[in-house]
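Work through the exercises below with the model open. Try each task before reading its solution.

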Amino acid sequence: TLHSNTCKENDFMWNSKKPLTNFNELSKTYLNKEKYIYLYGEGFCEFVTGYIHRKLLVKKYNVILLHGLEIPIVYEQDHNPTLIVISKSGENFACIRKIEQLTNLGGDILSITSPEGDVTDIDACVSFYTCSLYNR
């Protein structure tokens, strides 16, 4: 469990449904160039997903920014997508809807959030918990 008194600024924790020992294994499994990466976040997190989107495009990844788009509109079977959801609360209706849509299509989900045990955490293949978001 993540507690604000044991978590230093800019620390993070992560959980995975599949055994992963490091970030290289994580990127080979979920963020390789053969997959499409769908990005979503709202509010301030929209700026973060926009930044990640530009960085991944420069590195020649197949990436789609989902602001204003529903997954069934952009999804194609050959995408084999990973959805990256960034949410401070993890309980945002639009984020939950994106997770449900991709879960129904059989995609992978990575969540970056602050509270452990929220809806994005429960449904995600890999969840990251950031202390700096948790403490605000």
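## Exercise 1: Cysteines

A search of the whole structure, which is a predicted model, finds 0 disulfides.

**Task.** Explain why cysteine 95 and cysteine 45 are not bonded.

**Solution.** 
- Start with cysteine 45. It is in no disulfide, and the nearest cysteine sulfur belongs to cysteine 95.
- Take the distance. The sulfur of cysteine 95 is 7.5 Å from that of cysteine 45, its closest cysteine sulfur.
- Apply the cut-off. A disulfide needs the two sulfur atoms within 2.5 Å.
- Conclude. At 7.5 Å the sulfurs are too far apart for a bond.
- Cysteine 45 counts as buried because its relative accessibility is 8%. Cysteine 95 counts as buried at 1%.

## Exercise 2: Nonpolar cores

**Solution.** 
- Find the core. The largest nonpolar core has 13 residues. Tyr38, Tyr40, Leu66, Ile71, Leu83 and Leu102 have the most contacts inside it.
- Find the main contributor. H4 supplies the largest share, 4 residues.
- Look beyond it. A second, separate core has 12 residues, including Leu26, Tyr30, Ile84 and Val126.
- Leaving out residues up to four places away in sequence, tyrosine 38 touches, among others, Ile64, Leu66, Ile71, Val74, Leu83, Ile84 and Leu102. Its contacts also include Glu76, His79 and Thr82.

## Exercise 3: A lysine

**Task.** Is lysine 35 buried or exposed?

**Solution.** 
- Locate the residue. Lysine 35 sits in the loop between helix H1 (23-30) and E2.
- Check accessibility. Buried means under 20%. Lysine 35 has 3% relative accessibility, so it counts as buried.
- Look for a polar partner. A polar atom of the lysine 35 side chain lies 3.2 Å from the backbone oxygen of asparagine 80.
- List contacts, leaving aside neighbours within four places in sequence. Lysine 35 is in contact with Thr29, Tyr30, Asn62, His79, Asn80, Pro81, Thr82 and Asp108.

## Exercise 4: The largest pocket

**Task.** Which element supplies the largest share of the lining of the largest pocket?

**Solution.** 
- Take the volume. The largest pocket holds about 350 Å³ of space.
- Identify the lining. It has 13 residues, and Leu26, Leu31, Ile52, Leu56 and Ile84 lie nearest the pocket centre.
- Assign elements. H1, helix H2 (44-58) and strand E5 (108-113) each supply at least two lining residues.
- Pick the main contributor. H1 gives the largest share, 3 residues.

Methods: Residues numbered from 1 in each chain as written. Predicted model: local features only at pLDDT ≥ 70, side-chain atom pairs only at ≥ 80, totals over all residues. Heavy atoms only, no water. Core = buried A, V, L, I, M, F, W, Y, C linked by side-chain atoms within 4.5 Å. Buried < 20%, exposed > 50% of the residue type's maximum accessible area, 1.4 Å probe, protein only. Contact = heavy atoms within 4.5 Å. Polar contact = N/O pair within 3.5 Å; in protein donor to acceptor, adjacent residues only side chain to side chain. 1 Å grid on protein atoms, 1.4 Å probe; cavity = no way out; pocket = protein on both sides within 12 Å on 5 of 7 lines; lining within 4 Å. Points joined across faces, edges and corners; volume = space filled by probe spheres on them.
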